[in-house]
Every structure is written in structure tokens, then in C-alpha cells.
4 protein chains.
Amino acid sequence: MNDFLNDYNQTVHPSLLKSFIAINNKKLAGYGLDEYCKQAITNIQKRLQSPHADVHFMPGGTITNLTVISHILKPYQAVIAANTGHINVHETGAIEATGHKVISVPTADGKLTPELIEPVLFHHSDEHMVQPKLIYISNTTELGTIYSQQDLKNLYQYCQKNRLFLYLDGARLAMALAAKDNDLTLPDLAKYTDVFYIGGTKVGAFAGEMVIFNNLSINQDFRFSMKQKGAILAKSWIVAVQMNELMQNDLYFQLGQHSNNMADKLKIVFEKAGLTFASKPQTNQLFVNFPNQLAEKIIAHYAVDNLGPIDDHNCCLRFCTSWSTQIDEIDRLDRLLQSWLS
Amino acid sequence: MNDFLNDYNQTVHPSLLKSFIAINNKKLAGYGLDEYCKQAITNIQKRLQSPHADVHFMPGGTITNLTVISHILKPYQAVIAANTGHINVHETGAIEATGHKVISVPTADGKLTPELIEPVLFHHSDEHMVQPKLIYISNTTELGTIYSQQDLKNLYQYCQKNRLFLYLDGARLAMALAAKDNDLTLPDLAKYTDVFYIGGTKVGAFAGEMVIFNNLSINQDFRFSMKQKGAILAKSWIVAVQMNELMQNDLYFQLGQHSNNMADKLKIVFEKAGLTFASKPQTNQLFVNFPNQLAEKIIAHYAVDNLGPIDDHNCCLRFCTSWSTQIDEIDRLDRLLQSWLS
Amino acid sequence: MNDFLNDYNQTVHPSLLKSFIAINNKKLAGYGLDEYCKQAITNIQKRLQSPHADVHFMPGGTITNLTVISHILKPYQAVIAANTGHINVHETGAIEATGHKVISVPTADGKLTPELIEPVLFHHSDEHMVQPKLIYISNTTELGTIYSQQDLKNLYQYCQKNRLFLYLDGARLAMALAAKDNDLTLPDLAKYTDVFYIGGTKVGAFAGEMVIFNNLSINQDFRFSMKQKGAILAKSWIVAVQMNELMQNDLYFQLGQHSNNMADKLKIVFEKAGLTFASKPQTNQLFVNFPNQLAEKIIAHYAVDNLGPIDDHNCCLRFCTSWSTQIDEIDRLDRLLQSWLS
Amino acid sequence: MNDFLNDYNQTVHPSLLKSFIAINNKKLAGYGLDEYCKQAITNIQKRLQSPHADVHFMPGGTITNLTVISHILKPYQAVIAANTGHINVHETGAIEATGHKVISVPTADGKLTPELIEPVLFHHSDEHMVQPKLIYISNTTELGTIYSQQDLKNLYQYCQKNRLFLYLDGARLAMALAAKDNDLTLPDLAKYTDVFYIGGTKVGAFAGEMVIFNNLSINQDFRFSMKQKGAILAKSWIVAVQMNELMQNDLYFQLGQHSNNMADKLKIVFEKAGLTFASKPQTNQLFVNFPNQLAEKIIAHYAVDNLGPIDDHNCCLRFCTSWSTQIDEIDRLDRLLQSWLS
């Protein structure tokens, strides 16, 4: 089956595998207290220009979101997210299961802004309603769009002013930071969020994400929350070793860029075919509008994500490229599309 | 202070107080196992024409909602509500605090319909999303509107077909059933919901609501949930005795009707003043659009609920009448309004 | 049926009922913002000699415990209780349902001491275990025993030293403070606990308890927690008015004393019959050891709580007196026992 | 540092690593829907002689326990565990965080029996207490002891009779099934538990456990619970591939046996030194009683788990061997001990 379904369909990047093999004879301390975890922490602190950043290693994205959010909030506090936000839609109520409301806000492009948050604060005025306390954003967003430095700075300053915390879900941070339009840096993330995570699973790791607390008033006893939620691997070093490798020589950003480049070529293929996009193509996810008949042909030949009907005659399909997508996969789709359209 | 703020601003209807005094020398079994609870159960079963209905006594509305909903749902299941629904807005995340997502749906009039629910079911297709399982409606709605018999029947049949449960919040059920436009009966509620509650606090009781399970596949061990949530009063008979009195001689419906009648007179006052309504006036809550200047005068003289701006020049105020509202309160407001407008 | 089953088997003390009737024509603000709640707050602050105490009105004991405890603790923190503690045994896992472990400690007499807590702290050393943070005690305990001033002071100082909070469940505080052996005062409770509650339901109120936070670092936004748990009555004044009446002229303590006096007379009846006690009789609960045959006779004539077998030939029954127990009820039991034993 | 601290201190067994490398170029379906997961399911169904067993892949032990237990229980139901049980002590209240009480029972050897459970059922008689519904056992236990076939059969039959479910935590199942005294088989586990898990992390996998539901009345929608708790890896095949390798040629049991053999040799070392054991040595964990002075020397040279004082002069240390323990590590400790004692 040809496949543009997701960016986690291949096990592990060869360099990460190699680094993993290299340490296989060592005896190491459990639960994140080993030398490789320490090394990964020092590395990322340097990259962030943030020597006091508090760093933790997690096995996956959903468990990272639920552990971080439930750690920060008091029982009656809520998190605000775009209505397309991963925690609002695709985590089976993981946040609510820890007791907290997700207040969802409709957006044009998957991005939150102070203007979108303002009315939520206005309407949550007393103890008959939840108390909004945390802003959840994703970069890239679930629609493949990205936050500029100014976007993030504005949001963070708004949060500061309104005593809100800002959390950035970086499952696809590599693709965001490697985007053509991007002007955000790792140090910006340290400066303009309270906490964020650097995703590995979608950038060549077989599993693993790295949480970074910049605000040291909200991370106290975080390891208790990790253990309670089952979010701390006995052999945590398997995440740290991969993260070290990803950060070395900027492999992380190269893999993000490769994903984006493949999407960029795919974008041209679709444009050539006269197709349009439901969301601005900026990174490795393309949301393409298809006439129903053409969509059926695609689905017969490709594993892609079908987002359902736009109207009676058209629907939207998501094409996702990854660190392991090959140029001939793009070419094959190009030829196929051309043959159908001619 | 003159007051159209809510329908729970006076302690208890004199008849209920009397019934309460009458039993004050008796020794009674605790936690709902006394003779008055039993009598109230038999009474309501007769009124509902439902001899097997399972009846419980609760101290208030929010705790009723959270106890019923958390009892019925499995951890990954969600409840669908109108976005104006009490559980979605005004219970400080009580449902989420028990672990469940409230999926909210925008509506024109505070009422859910199969057409509004259908897309939610369509989009919740697999285990990456919560599983919608319960429909929450209020009658009267939070906008003062009501469900017709056909409305409720349609919803219930839709739920049956889609393996959903239907729960009706009857905090203001008296006003709904006493509305001019109403054609619903108590036996209809037994037939066309899985579980509902008959509210007392807003209809002359000092506290207390009565939960009725019609679907006996979802109420097993409900008393365990009640005890766990702190929802079962040691002296539960204080609710039952009031419910008995309310049901006797249809006092319940008379108090609902009085509330509605007062609102109806108030409606005429506002219409005379050339004002319009943000929601169709059907029961004891009126949502009135005011020019800002006039609104300020109102607020200076009356305790009312300010729902905020509609546009730059107008805002919406809620006027709520109750079982204890007096006609001269309406007249006074009429005179005042006329004096400001002349 | 004769009845020594509990201390909440009669509706309401006549004085409380009277005060309740007196305000029945007033319009009052909802959710604890009315003048009677304010008055009750001022009253109790004076009695406690604690002008900044933060006071709230709740409908019952279990909901008070779960709301207070879940408000104070972070997700990974636990509460320590005697294994006989109400929250550990008789609240259907109410505390765990809010996410927190109850660490239970065996005791001789239902009372916690620093010596009993010390090993718990010793063994909870890292993030693989919950973090003990709150000490829960009851006065009277569930075994009818009481804390002396020195007991409480020791506990509180131990808590202070170990960064623990101390919470006292006062469901039967009236009986504790009215006990012969008691030397605790209301101001002591303000000084030597972080938070406690004054119980009404078991001392003549038809419902209602009053929570008092002495430590103002743990009560922030408590009304949010109250609303979320369904712990705040729309007509909160019905609790406040009763509390005002109970505190006026020391009625509260008189009712506690009456309960204890009746138990004292009952104790003499049992001693005369040659029976022994499983727990030191100090207040209104007597835990009496009975030969099985005699126990069966008692159970046939009286509603009492059977705590089960002590050994093959004996069992333990709880006799509970209350503010409404009459001396002739004691005399009747005395005559009956004598007739069976002669 | 010499190390008998745990059985998860080395990354991954070479055979598992090899199988992992072999599939690294494949594109695979996410979230457990790939061919390797299917193959692992078929394999284990055959080994269990249970063609309908429902099999799932999890990243770790704590998250497996909390996901399984919270999936099975209704909100007011509780799990019974030995007081030494992992869920009771070493998971930071993970089960309580999902809302459920862990009822802990003191045991002599870490094992539950019908006789130990019976009094718990007797005392949990009504809705004022939690409803015990699930029995949690570990094999090996946290004290290194094991369940015989008869032990497990007795427990299961008792559970069946009392409408309880039986769950077996198999974090160290390999060591249990490879123990000298063992007579349990994999098919027995399918027959005599409702659900259990086969642990990988402590038997040479870098992460991963395999949950097996035998009772198909309690596993409905389990994938929803997995997703909600963050318990389902995007690349689930990384667990399945390791499990396939472990099950092939009985590697799993060989690694368990090696762990036990090393412990057996260590046991002889301690016996030679005149030391005694706090728990019967049966598998790869030895609980050794040490005079304090000797213990201090050990701790200076070895990473071991110190379980604290037994009395004023002695304490208990845990020595844990693993699939990667080498015989010369035992010999070195032997020589060291002898040198200190001579």
C-alpha cells in the first residue's frame, strides 16, 4: 500500500538506532536518573540558552499532554485550546479524564490569538464557571500551520498579563522550526512559553518526547505526577539517547526539513492537478480538497486520512509526509494523478 | 432591592413548611430508607404511570447532574449538551471533574435535536475520540424555551436507534409543564427519557430534587454513587416530605404556572416599552434586549442577570420570576419603565 | 421500633425550626451571599477569636470532607487517617474518587498521634509513592473518643514541623467539646488546625455543616471547588440560620451535652448488666460487648448498629444517643435488660 | 558501581535488538494495527491455547495496571491487593488517581488467598462503603514468592463464586514460571484469571508489556481506555516485535530462568555468610537480613534496595538479579563478603 497516512509509520532513523546499539552493554540507573538522561538535559539546556530549564523524558504525546496539564491545574481550572487542538479532539478525553474542562475556541487556521482568548476570559467571571488558567497550543498546529515569533510573543505576553500559563505541544516541532516561513528559534520557546515539549515519535524516534519547563513555579514534584500517570519509563535512557542523537548536528531540524520538502513537492503536484487546499500548506501536512470521484480513486490506491465531506461534491484528504518519505513516492503519485486527469 | 434575579430567592412555600413541621417529632430511618421517602416514591410512580420507576432524593441540581452522569458513563464516554446547557457552562466543570467530556453543540434556542446530534456522532468514529453515549437536555432550557412532546419523542427515538441514553434536567420542570405551549405530561417523561429529575429548589422547596430512572439497565448500585459523591442526605426525608406536598393537589404545577403567569405579565410590560427578546418568551425567564442607557437604569434599581453586550449599543438582561413573585412587583417595574421612557 | 441507631433520626430542633420560619418571607441572595450567611460568619469568627477565619456552609459531612480534601491536595498527594476514620471506611471511596489515596493507620482508640504518623512519613520517601500532605482526624472519633488540648497541640506542631496540613472532621464536635474529659475550646480549634468543620446534622440541624479555614494559604478559590462538587446550596442561608441559632446561647454545646448525658446514663445501665465496652465511653457513642444470645434479643427489640463478632461467643453493638433522646428510653432499656438477665 | 538494584538496568537483549533492526525499513500501520502486532496476538493465543484471548500492547507496568483496572471498575468499586502489592505502594497512587480505592490486606508472603479476602467482603456490606470487585495479585509477588497452580485455581474459583474479577500483574511472570517450585503454565493463566499481563521490561525488552483479557465481558472498548490514558504507542509494533522474539524458542522463560539461577547462586553466597532471608527465596529477588554494620559495607560497594530497619541492630536489603547478570558478579560479592567476615 502506498502511504501518506502519517509521520510515524517507520520504526526509527538509522542514526538513532546506531546510538541505541552503542550503549546496549551498559548498566544504567532507572527512571531517568542515568548518565544519558543527564547528558540530554545539559545538551538541551545549552541549545535553549536556558541553564535552569527542567527537562523530563516521556514515552508519547498524549501521556505528555495529560501529565503536564493535570500537574499544573487546580481541580477547578481549565485549559483553553483551539477546537482543532489535539487535546480537544484526538485524545479520547484524556484531559477531562484527569478532571479538567477543555474550553475549545473556533479558529480560522488552528492558531490561538489573544483576540480569540479574550472573550473566553470575559465570560468566565465567577465560581459558577471553570477558571481558565492554561493556554494549549500546538506548533505545527493540527492544520499544518505555524506560529511566528511575533505570534508566540504576543500570546505569551497576553498570558503573563492575565496570569495564564502557556503550554506548547511540539509533537511536530521539527517541522515547524524547519518551515520556510518560520522565524522561531529554540531559545524563543524557552523565553515565550511556560512549558513545551520536543516531539520525537514523529521525527524518527521509535518513541519519546522531551518536556521542558521554563517556568520553575509550576514544575515542583513533577516526577510524582509522571510516576502516577505511568509516564516515566523504567529505561528512560532509551528516549534520552535518541534525543541526544537528534539534537547532535541538527539532525532533528534536517528531518523536519526533509518532511517539509517532500510536502512542498507534493503541493506542486496537487497544484498542477488544479486542486486547492483547505489549510495553508506550510509544513508536512497537506489538507487537499478533492472532487468526490477523484478522492475515491486516491483512497483506492493510498492510505490517507479522510476528513469527510466539504460539500455535496467535494471532500478533504490529508497527505502527510515524513522524515522517511522518498522522492519517488511523490513522483508516483504525480504520474497517477496525471493519468486520471488526462 | 427589587429583585428579578432568580427563582430561588425565598426560603420555602408555606405548605411545604407546614408538612415539614408536622413530622418534626418522629424518629425516622436515615439515608432515604424512611416511610416518607417510600411514600414519595409510590406517589411519583403513580403520577408517572410507571410502577417500576427507580426514585432517589438529592440535595441540589449540580450534584444531581454529576452523580447521574458519572454513574451512567464509562470512563471514555462523553455527554452531548447544548452549548448553553447548565452542565456545560454553569457547574464549574462538575462533569469533567468526574472524568467525562461534555461535547457542546451550538443551538438556536437552547434545544437539542437529532439533526444537531447527527454530525457529532459522525465525527466521533474511533478510539482516538471520546465515545458519545448520553444526551443531556434541560426542560425548560437555560433560555426559557420548552420541548414539545414531539420534540422529546423524536430525540428519544433517535437515542434508542443510536444506543444513546437521554437525560433530562428538570430544575425548572414545573415551569415547562405549566407553559401555555406545553403538551408534555409526566407519563411522557417516563416514556421518553432514560432518566430525569424533578426540581424542587426553584419551585418552592428549600432544597431538593427527585431523580427518576426509567431505564432500569443503568441505575444498578446508584446509591453507591450517591453516597460517594456526598449526594445523599442523612435526613433524606426532608426532600421527600416536600416532594409529597408539591405533588399533592398539583401544587407543583400551580407554582410553575404562577411563575409563568408573572413572566407573561412582565413580557407585556417590556413589549409596551418597545423592547424585544433574545429568546422566545415561553416560561419564567425573559431575555430582554436593552439599549445600554436603559439597561444601566434597570441595573441601578434591580437585581437582574446581565448577560453582556449584544452589540456596541445594546445588551441582554435576564428577568426571572418565581412562585413567590407578586403582581405589584410587576406593576412597579411597569411604572418605572414608563417614567424613564416618557 | 426503639432506636439507638444514630444521632440524625429526628428532623430538627424546635429552636432551629423557629428561626427558619422567622425568615420565610424574606428575599435573599443565593449561594451563600445573603445577610444570614454573613451574620453566621461574623458570629463564628468571634467565638473562635479569629477575625480572619474563612467560613463556608455545606449540606453534609461526606461532601464537606471530599470538597475540602480535594481542594487542598495536589494530584499526587495523600491524606493520612486512622483506619477507623470516616473517610477511610464509610464514604464509599469519596476521597479516592477525587483522585487521592487515603493512607490508613491502625490505632488503639481511633486517634492519630505523631508516633503513629512518623513511620508513614519515613516510608514515603520518593516519587514512586504518594506524598503524604494532610492529616485527617475526627473529634469525636468514630469510636466515641476525644482529643485533649494537648493531643491536638502535639499533632498540630508535628504537622507544622513536617509541612503537613491538619484537618478536623467535626461531625460530632458538639459532643466532643461537651464531654466531661474535654479541655478543648473553639479558639483552640482555630489555633491548632488548618481547617475544620462544625457539624450540624448530628446536633439538631436538618442538614448543614460549617467549614472553617484557619490557614489562609490553602483556601484560595474554595468557592470554585464547592460549586464544582455540588457542595453549595442555592439557599445556603438555610444552613447559616441554623448555625446562628445553634451558636446563640450555646445551644450547640447544650445539645452535645444532652447527648453525652444520655449516653452516660446508658453506660451505667450496661455496667449494671455486667457488660464491657470495646472503646472507652466518653461521648454519645457506646460500643458494647455482648454475648451473642443477649445481642440477638437486643437486635430483636432495638435498631442499633451491629459491628460484628469479636470472637465466637461475643459481638459488639453500637448504641448512639442524640439531642432528642429521652430519659425514659434509657429506663425502658434498663428494665428490659434486667428482665432478660434475672 | 556494582549493581543488584533491579532487573531493568540494561537496555535490551541482543536477540530482541536484532528483530527490531530487521524491520526498520518497513512502513507499518500505527496504534497496534500492523502485521507484527497481529502476529504477536496469534502467537500468544496459541501459547495460551486460547484462540479468543484479547491481546494489547502497552509501554510499561504502571500504565498497564491503571488502564486495566480503571477500565474494569465502576466508579464506586474497589480493588483488593496485598499491602505489599505494587499498586498499593509503588505507583504513587496511580489507581486512586483514576478514582478507585485500593483495599490493602496484610499478608505473610505477599500472596492473597480466599481466607484473606473473605473478611474484606464481609465488612463491605452496603453502599456506605466501596464495593470490592477486583482482586489484584502479582506473580512473582513483590516479595519474590510465587503462586502455585492450586493457589491460583483456588483464588479464581473464589472470585467466580463471589462475582469478583481476578487480575494478575506479570511484570516478573517469566521468573515466576521459570521458578523451581512452579507448576503454573501459560494456559493456566488463561484459564484461571480474567485478565493478566506478560511483562517485558524486566525480561530483556527495552519497554513493553502484553495485556491479555481472558474474560471477554470486561474488555469492551478497551482501546478507548488505552488511548485516553496515553497507554497506546503510535509505533506499538516495537512492543509486539520484542514479544514475538521473547516467545519464540522460549527465550522468555530462559531469561526468567537465568535470572532465577543467578539469584540461587547468590542465595548460597548469603547462606554461606550465615545470613537469613525476610522472604522465602523463590525467584530473582532476595530479601536479606543484615546486621547494620555489614549492611553499611554492602551499601558502600553496591547499588541495592534498602528496605529499612527490622530492629535496632538489623536491616533488610533487596538483591535483584536479571537476564543480564553474570556469574562473576556473584563471585565478586562472594569474595567481598568472605573478606569482611573473616
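**Exercise 1. Which strands of chain A does helix 12 (residues 251–272) of chain A lie across, and at about what angle does it run to strand 10 of chain A?**

Solution. This is a predicted model, in which local features need pLDDT of at least 70, side-chain atom pairs count only at pLDDT 80 or more, and totals for chains, interfaces and linings use all residues. Residues are numbered from 1 along each chain as its sequence is written, while chains are lettered from A and ligands numbered from 1 in the order in which they are written.

Step 1. Take helices (H or I, at least four residues) and strands (E, at least two) as DSSP runs numbered from the N terminus, and let two residues be in contact if their C-beta atoms, placed from the backbone, lie within 7 Å.

Step 2. Helix 12 of chain A lies across strand 10 (285–291) and strand 13 of chain A, and its direction is at about 15 degrees to strand 10 of chain A; such angles run from 0 to 180 degrees between N-to-C directions, with axes fitted to C-alpha atoms, for helices over the stretch in contact.

Step 3. Helix 13 (residues 292–301) of chain A lies across strand 10, strand 12 and strand 13 of chain A, at about 125 degrees to strand 10 of chain A.

**Exercise 2. Determine the order of the open sheet in chain A and its edge strands.**

Solution. Step 1. With pairing requiring at least two DSSP bridges between two strands, the 4 strands of chain A follow the order 9-10-13-12 with antiparallel pairing.

Step 1. Strand 9 (276–277) and strand 12 (305–309) of chain A each pair on one side only, and are the edge strands.

Step 2. Strand 12 of chain A pairs with strand 13 (residues 314–320) of chain A over 3 bridges in the antiparallel sense, and A:Asn306 stands opposite A:Leu317 in strand 13 of chain A.
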